[in-house]
Structures are given as structure tokens and as C-alpha cells.
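Welcome! Here are some exercises on reading a structure, each with a solution worked out step by step.

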Amino acid sequence: MAELGGKGVTAGKIASNVQKKLTRAQEKVLQKLGKADETKDEQFEQCVQNFNKQLSEGTRLQKDLRTYLASVKAMHEASKKLTECLQEVYEPDWPGRDDTNKIAENNDLLWTDFHQKLVDQALLTMDTYLGQFPDIKSRIAKRGRKLVDYDSARHHFEALQTAKKKDETKIAKAEEELVKAQKVFEEMNVDLQEELPSLWNSRVGFYVNTFQSIAGLEENFHKEMSKLNQNLHDVLLGLDKQYSGNAFPVKAQPSDSTPGKANKSPSPPPDGSPITSPETKTVNHELEPSSLEAPGASIPKSPSQPAEAAHAGAEAAGSEAAAGAEASKTEADSGSASSSLPAVVVETFPATVNGTVEGAASSERADMPPGFLFKVQAMHDYTATDSDELQLKAGDVVLVIPFENPEDQDEGWLMGVKESDWIQHKELDQCRGVFPENFTERVQ
């Protein structure tokens, strides 16, 4: 028989494989209909359930570990930029400049070493651990097929034996096929019966070693980082002592309940007169002098100074009578001013919904994908590791949408579509994917 495809596969071999598939399919149908008994092994089925659970847990752990490593890398970049900023603002003549440069260098090396050790001692170990599952999973599936072959051969042999008209030649051949099928099945079954329980028990040691490694690496990292932070603290303390006379006081912001903020005008009044916003100075919320004046009248600096204001008014008028009248008028005005507040100009703005103009928000959401929640922008590059993940570049804008099944959402992951893809294609099925939330920040 001529070979087909140049791979040594004969037409007879192909026909044999096709026949096996048909026989297996027929046997499974008969078993499901209850017309043929099925060889059961409850102990092995339990081993398979444990195997599937172990594979699921390991896959999730691997995914979360990769997310953790990506977060470490992102934190490294953020820390590096922060120390670079310190180096730039630290002036050459300040004491400790060389020390800050050395601390920044050691900080960068410490983050790099931490990330690399996590890869070597945790991620690679995780990959090796999961690397054994595909082969075993394939063998479990193959054992299932050989079990169907064994049951089919057994039923065929039993049918020939119980037939009214017996054909010894066919019976002998069927028995030979049964013995062969049983041998193949039992060899695979024995191997898996030994391997699966052993693999299941190994999970404890693997989890212990993996998390002990991560915990130990974190402990050493934070210990060394604590030393660097203490060194930086000491350097900045020395800078503070040398320039202590130039300390910049930071004032507390007035609360919403203070008169100063409650009566602050958003814009000058129509007459063009300036308004100076009062500041909280004491516990009694006394106001600083205001430059607000009305035509023909003066507002004293404080309610406690009516006599001084009256005396000044009298000198301005040029006579004792005018001074008395002016003083009386000033006292009356001061009493009124002490119980009233500056005029407030109220400006009206368009109605807003969640911080956006209502009309604009409605039109904008009309162009968004179904179920649109909010926008985020990628702060760092993210390389997708699975087909269901989004590939992100720093600056990419992503439209966040809900998961079709909320139970599919893992903690720390969001579902979305890049804004550029949505504008171009308007297709969710081709463009959407999951991405780590900590690589982005919300922009709308």
C-alpha cells in the first residue's frame, strides 16, 4: 500500500483509526443509553477531580504571581522617578548631595535585585511545577479512550460467546483483541494510579516553598530598603538643621464651616469693587480688614474701634459737630457691619451629572460601548500574557465595561476596550479584554 503524505501513514492505518473512533463513539452511546455496562473506578475518578482542582489552583497562582511581579516592576519605576526628582531638586551646595545620589543608586539596585529574585525563585519554579500538568492531562484523556476500547472489546467478545451460532474463529480473534485492549489500558491505568496521588500530595510542599521564598525575599527587601530610608532621613535632617531658619510654614486650610470659606465670592461684584477673602486667624474666626466700602460710608477695621473711627471721621469733616454726627453714624454702621457679612455674588452653571455637563455627558455616553462605566489611562506599558488580555502602552485610554459574567472577574482586573480600537471598529467581541487595574489611573 502506498504511503500517504510522505509521513509513513498508510491508507490502512487511516482506515483503522477511523474505525476505532466509530467504535468508541458507538460504545459511548450505548453506555449512556444504559444498553452497555461501563467499567467504573471511583478511586481513579477522585484522583482526576483532585488533578483538575490542582491544575486550576496552580494556574490562578501563576497568573496572580505574574500580576504581582508586574506591580513590583511598576513600583520600581515609580520609586526610580521619585528619587530622580529628589536628585534634580537637591542643589549642589546643599550638604549630603553625594549621599542622596548614592542612596538613589542603591534604591534602584535593590528594586532590580528584588524583582529578579522573585522571577528566579518563584515564577520559574511556578512554571516548572505547572509544566508537568499538560502531559498528565493528555495521558488521562488517552486512558479514557483505552478504557472505552477495552469495554467495547469485552462486549464484542461476550456477544460472540452468547450467540446462537458460534464462530470459533471470530471468538478467538475477539478474545485476542480483548486481551490486547486490556493490557494497554491496565498499563496506563497503573501508572496514573501511582502518579496522580503523588502529584496531589506534592502541592503542599510546593505552596510552602513558593510562599516561603516570596516572604523571605520581601523581608530582606524591606529590611534593606528601611536602611536606605533611614539614611535618606538622616541626610535630610542635616539639611534641615543647616537651613532651619528658612523653614517654610505650612498653613492649615480653613474648613468648609468657617465664615471665611462660606462667604467667599467666586467673582467680583458688578460695580467692580475688589473683595478680599477673609482668613481664619483665631478660634473666634475674627476677620482681617476688608477693602469693601460703600459710597459715603466707612467700615471700621473691627467692631472694637468705633471711637477711633469716629475721631478720624471728625477730623476729616473739620468741625466738632460734624465729628459727633460722623462718630454716631460710624458707630451705627460698625454695629451693623459686625453682624453682617460681605455680599456674595452667585454664578449659575450648567447642570452637571457626576461632575460632567449633563448634555455633554449624554451625548458622550451615546458613543460609548454598551455598559460603559468610566475611562482609565495606562500609566505603564503592560505586555499581555493571555489571549484574553489587553496589550497596553503608557498613555493608552481604555473604556471600562462590566464583565458579562461578574463571577469571571478576578480581583485587581478590569474589562475594557481601548478607545482607539472602539472608535475604529465599534466591535466589542474583537477588541475587548482584561487588564490589571493597578497599571492605570481613572481619568473620567
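**Exercise 1: Aromatic rings**

The structure holds eleven aromatic pairs (rings of Phe, Tyr and Trp, for Trp the six-membered ring, with centres within 6.5 Å). Before we go on: this is a predicted model, where local features need pLDDT of at least 70 and side-chain atom pairs count only at pLDDT 80 or more, while totals for chains, interfaces and linings use all residues. Residues are numbered from 1 along each chain as its sequence is written, and side-chain values use heavy atoms, with hydrogens and water left out.

Task: Classify the pair of Tyr129 and Phe206 as stacked, tilted or edge-to-face.

Solution: 
- Step 1. A pair of aromatic rings is described by the distance of the centres and the angle of the planes.
- Step 2. Planes under 30 degrees apart count as stacked, over 60 as edge-to-face and the rest as tilted.
- Step 3. The ring centres of Tyr129 and Phe206 are 3.8 Å apart and the planes are at 5°, so this pair is stacked.

**Exercise 2: Helix directions**

Task: Find how helix H2 runs relative to H4, H3 and H5.

Solution: 
- Step 1. Axes are lines fitted to C-alpha atoms, for helices over the stretch in contact, and angles run from 0 to 180 degrees between N-to-C directions. Angles under 35 degrees count as roughly parallel, over 145 as roughly antiparallel, 65 to 115 as roughly perpendicular and the rest as oblique.
- Step 2. The axes of H2 (residues 42-89) and H4 (residues 133-161) come within 12 Å and cross at roughly 150°, and therefore H2 and H4 are roughly antiparallel.
- Step 3. On the H4 side, the contact (heavy atoms within 4.5 Å) includes Phe133 and Ile136, and on the H2 side Phe44 and Val48.
- Step 4. For H2 and H3, the angle is about 170° and the axes are 10 Å apart, which makes H2 roughly antiparallel to H3.
- Step 5. H2 and H5 pack at about 15°, with axes 10 Å apart; these two are therefore roughly parallel.

Notes. Helices (H or I, at least four residues) and strands (E, at least two) are DSSP runs, numbered from the N terminus.
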